[in-house]
2 protein chains.
Amino acid sequence: MSDIKDFIVKNSPRFLDELFILLRIPSISSQKEHKDDMHRCARQYVVSLMEAGTDRAEIYSTQGHPVIYAEKIIDPQKPTVLVYGHYDVQPVDPVELWKSSPFEPVIRDGAIYARGANDDKGQSFMHVKAFEYLVSKNELPCNVKFLIEGEEEIGSPSLGEWARQNRDMLACDVILVSDTTMISEAVPSINTGMRGLAYLEVKVTGPDKDLHSGHYGGAIANPINVLCGMIAQLIDNKGRITIKGFYDDVVELSTEDRAMLARAPFDLEHYKRSIGINDIAGEEGYTTLERTGIRPCLDVNGIWGGYTGEGAKTVIPSFARAKISMRLVPNQDHKKIAHLFAKHFKSIAPAGVSVEVVEHHGGQGFLAPISSPMYQAAAKAVGQVYGIEPVPSRGGGSIPVLAELEGILGAPPLLMGFGLERDTIHSPNESYLLSQFHKGIESIILFYKYSGYLA
Amino acid sequence: MSDIKDFIVKNSPRFLDELFILLRIPSISSQKEHKDDMHRCARQYVVSLMEAGTDRAEIYSTQGHPVIYAEKIIDPQKPTVLVYGHYDVQPVDPVELWKSSPFEPVIRDGAIYARGANDDKGQSFMHVKAFEYLVSKNELPCNVKFLIEGEEEIGSPSLGEWARQNRDMLACDVILVSDTTMISEAVPSINTGMRGLAYLEVKVTGPDKDLHSGHYGGAIANPINVLCGMIAQLIDNKGRITIKGFYDDVVELSTEDRAMLARAPFDLEHYKRSIGINDIAGEEGYTTLERTGIRPCLDVNGIWGGYTGEGAKTVIPSFARAKISMRLVPNQDHKKIAHLFAKHFKSIAPAGVSVEVVEHHGGQGFLAPISSPMYQAAAKAVGQVYGIEPVPSRGGGSIPVLAELEGILGAPPLLMGFGLERDTIHSPNESYLLSQFHKGIESIILFYKYSGYLA
């Protein structure tokens with residue numbers, strides 16, 4: 001196995017040079033001004049895939065941002081791994097909190113710092129390099145397909161339709177994904193499920209223009225006060241979401257399943273320290289790992305209204321807005337939940353305001369098949385690289401499209417994530433440890449070797 | 001009297017030319033980048049005052065924006081009117097809602113449209129022109145002093161200290177102010193009291209960085225949700241402010257006083273229609289005019305936190321902020337209330353967050369002496385111009401510095417306001433009706449004539 005480690009160490013400078021080219025492209029899928037960057041990034045990704053040894057690598061247009069598809073078919077009779085990843089990234093604001101420019105990657109204290117360093121350019125690029133190794137050694141044991149999309153961060157609105165239209169081309173036996181975290185380098189873990197997501201935007205409108213708060217204050221409903229009151233009502237004092245019917249489809253885990261999840265080590269003091277909070281919060285009766293792993297939740301992701309500049313302005317604004325999302329657990333239908341939310345939110349509006357609710361995007365949660373040979377191969381590979389058996393864990397985040405792809409392609413996803421909490425994806429100073437980048441490539445190579453597709 | 005009307009009509013184009021020069025200067029006191037504009041505006045105002053006939057007009061430095069002082073002393077033995085006004089204006093955002101540029105004044109449908117058209121460049125300029133008339137006719141019956149400040153919209157932080165240092169220079173018998181509204185052109189009114197103000201900014205901080213809402217959602221206190229919950233608690237379901245001790249010093253009006261205020265005509269349907277709301281709101285047991293005139297209130301003037309850009313971002317933000325102000329009634333001490341607010345707000349913070357409260361500015365409410373000869377002179381002047389006896393009314397807004405000036409100078413304020421609701425001061429498309437501009441000048445000239453200072 002030292003041959004694999006040698007290959008990675010020797011080629012690491014080149015790998016980083018190639019990855020940095022991708023990282024320098026500001027492929028922010030949610031912002032229209034980056035439309036050309038999306039195309040530029042897709043073209044660059046195609047170059048990387050061709051250089052790594054795919055038979056073909058192409059850019060496909062969709063209703064939204066383009067999709068990259070590449071493949072190397074060694075034998076149509078052999079099994080096929082479909083690698084899923086995404087080349088789009090989150091916005092970078094508040095940009096003033098970045099220690100180095102988000103799109104000028106640097107190595108600092110053993111980690112790559114850049115937007116996308118982990119999520120998901122860094123993680124998906126490990127698959128390109130693992131694939132390159134196997135091709136260069138002529139050791140590829142199966143067919144490999146790459147599906148790298150550009151809309152993961154905005155809920156993959158176009159990929160489902162495109163995948164349905166290209167179902168035959170995408171046919172596979174497993175969907176292999178590195179877009180999640182493990183517990184720590186000392187306690188490697190493999191993700192066995194993700195939460196779903198329903199994301200909405202609300203607007204509360206009062207008067208038809210901004211008003212002087214002295215002339216009108218006390219006599220009319222202030223849209224900000226009203227919005228705050230409505231948001232406050234969404235969660236009760238036991239941390240339960242108050243939307244009627246919200247928990248109807250939530251599967252309660254068995255004592256046995258909860259015990260298995262509790263095997264994951266968790267240090268509360270470290271957890272609090274790592275994010276600078278003095279106390280945790282959440283639904284009564286559940287542990288922190290359960291709250292993020294197996295329970296749904298509701299968070300306001302953004303709020304704005306009125307005067308937010310320097311100093312004071314005595315205004316009652318015409319409207320206030322908020323972006324609100326719910327993480328869902330398997331069996332909760334994101335469309336049904338979005339509908340319940342909209343209905344409930346409108347129903348609690350007091351007199352004197354009107355309420356609009358717009359749905360942004362959503363996706364189903366899902367469970368990965370823990371008992372499958374695929375999971376076992378991944379566990380063996382990760383265990384060998386880290387020197388300790390990985391723990392199965394449930395991720396709190398969402399890759400909404402995975403449940404959809406599973407349905408379309410009839411193949412289960414397998415989540416081998418190498419991100420760490422410290423990487424602060426979606427936040428300023430996103431990073432990815434070089435050691436994880438290297439161990440990830442090695443683990444993926446070993447996964448192919450142990451995957452049961454070998455003769 | 002037709003001589004006065006003639007003078008106004010004949011000179012109106014010139015008055016507007018002169019006023020427009022002032023209106024073109026973006027003297028926004030709350031924004032640092034307009035520091036030079038403040039000086040430019042002060043110099044221009046001095047030119048107007050000298051041209052109108054003051055003996056001297058000067059710019060005085062303060063800790064903040066400069067103060068303009070001008071005077072014409074006809075006889076030190078005669079009584080003195082001190083005209084108070086302000087040349088600073090509110091910010092203009094949301095600027096995209098303005099139909100014409102806020103600092104390029106235009107006449108449209110019989111009204112001047114510009115930031116400051118009413119508040120307070122337009123209203124204070126009427127005094128300059130009324131003074132010009134009396135000087136030009138050699139009919140000035142008393143000494144006149146002008147005090148035009150540049151920090152009214154930010155709570156007049158420097159004026160009190162400056163006025164204390166220049167108490168002798170400012171000595172007067174009445175402080176005459178046009179910076180308020182009347183009920184309508186058909187129902188003229190004179191303001192007999194204003195509410196005070198306490199304005200604060202709060203910040204709720206949770207984690208020390210923005211976090212991925214999938215990884216942490218459900219397990220930690222989200223600063224936006226928390227801030228909303230805290231704001232929601234500030235007012236109970238009867239519309240009463242829940243801050244401990246908040247109502248301790250509020251003077252309850254007698255049935256008689258409330259009956260007098262109820263004389264002001266009020267058309268609820270028109271009120272709702274004029275600001276596009278489907279229902280009113282507020283403290284139980286009080287009418288709309290009482291809610292804005294004699295009762296205190298609490299409004300969030302601005303709120304922001306998390307992702308507020310286009311599309312969706314799945315973030316739990318590190319912090320959320322709000323600007324919150326309270327309108328106070330006479331006898332409530334704004335410093336005491338600000339202190340009570342800060343103490344209360346911190347006390348209701350849940351575990352998992354920290355709370356900061358910063359005080360922006362404040363001012364005392366006050367009552368004008370309705371029974372004084374000054375009020376009677378104003379009522380006679382306004383009644384003659386409008387053809388109907390004016391109604392005494394209580395304004396909901398605040399001119400925080402007036403109570404302070406009254407204390408320093410020992411002279412009562414008299415509020416002759418000619419603004420109308422439709423002027424939407426502090427909002428986009430601020431305007432001032434030409435008819436009110438003309439009637440205001442005429443009323444002020446007549447006020448001097450009836451003021452009892454005449455021989």
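Analyst: Start with strand β2 of chain A, residues 67–72, in what is a predicted model. β2(A) is mostly covered, with five of its six residues buried. Buried here means that 20 or more other C-beta atoms lie within 10 Å of the residue's own.

β2(A) has strand partners. One is strand β1 of chain A, residues 56–60, which pairs with β2(A) in the antiparallel sense over five bridges. Within that pairing, A:I59 stands opposite A:I68 of β2(A). β1(A) and β2(A) form a hairpin, and six residues lie between them. Strand β6 of chain A, residues 143–149, is another partner. β2(A) and β6(A) are antiparallel and share five bridges. Here A:A70 faces A:F146 of β6(A). As a general point, strands of a sheet pair through backbone hydrogen bonds, either parallel or antiparallel.

Now the sheet that takes strands from both chains.

Two of its pairings can be followed in detail. In chain A, β10 (residues 196–205) and β14 (residues 319–328) run antiparallel and are joined by ten bridges. A:A198 sits opposite A:M326 of β14(A). Between the chains, β12(A) pairs with β12(B) over five bridges, again in the antiparallel sense. A:G302 has B:G306 in β12(B) as its bridge partner.

A helix also belongs in this picture. The buried residues of α7(A) pack against β10, β12, β14 and α11 (334–347) of chain A, and against α7 (223–232) and β12 of chain B. α7(A) is mostly covered, with nine of its ten residues buried. Among the buried ones are A:P223, A:N225, A:L227, A:C228 and A:M230.

Step back to the whole contact between chains. 82 residues of chain B are in contact with 82 residues of chain A. On the chain B side, the elements giving two or more residues include β11 (211–212), α6 (213–216), α10 (288–293) and β13 (315–316). β12(B) gives the most to that side, with nine residues. By class, the chain B side has 30 nonpolar, 38 polar and 14 charged residues.

Last, a helix pair within chain B. Helix α3 (residues 121–136) and helix α14 (residues 434–450) of chain B pack at an angle of about 50°, and their axes are 8 Å apart. α3(B) and α14(B) are therefore oblique to each other. The crossing of α3(B) past α14(B) is right-handed. From α3(B), the contact takes in B:G122, B:Q123, B:M126, B:H127, B:K129, B:A130, B:Y133 and B:L134. From α14(B), it takes in B:F437, B:G440, B:I441, B:I444, B:I445 and B:Y448. The residues of this contact divide into nine nonpolar, four polar and one charged.

Note on methods. Residues are numbered from 1 along each chain as its sequence is written. Chains are lettered from A and ligands numbered from 1 in the order in which they are written. This is a predicted model: local features need pLDDT of at least 70, side-chain atom pairs count only at pLDDT 80 or more; totals for chains, interfaces and linings use all residues. Two strands pair if DSSP finds at least two bridges between them. Helices (H or I, at least four residues) and strands (E, at least two) are DSSP runs, numbered from the N terminus. A residue is buried if 20 or more other C-beta atoms lie within 10 Å of its own, exposed if 12 or fewer, and partly exposed in between; C-beta atoms are placed from the backbone. Two residues are in contact if their C-beta atoms, placed from the backbone, lie within 7 Å. Axes are lines fitted to C-alpha atoms, for helices over the stretch in contact, and angles run from 0 to 180 degrees between N-to-C directions. Angles under 35 degrees count as roughly parallel, over 145 as roughly antiparallel, 65 to 115 as roughly perpendicular and the rest as oblique. A crossing is left-handed if the near helix is turned anticlockwise from the far one by less than a right angle, and right-handed if clockwise. Ala, Val, Leu, Ile, Met, Phe, Trp, Tyr, Cys and Pro count as nonpolar, Asp, Glu, Lys and Arg as charged, and the others, Gly among them, as polar.
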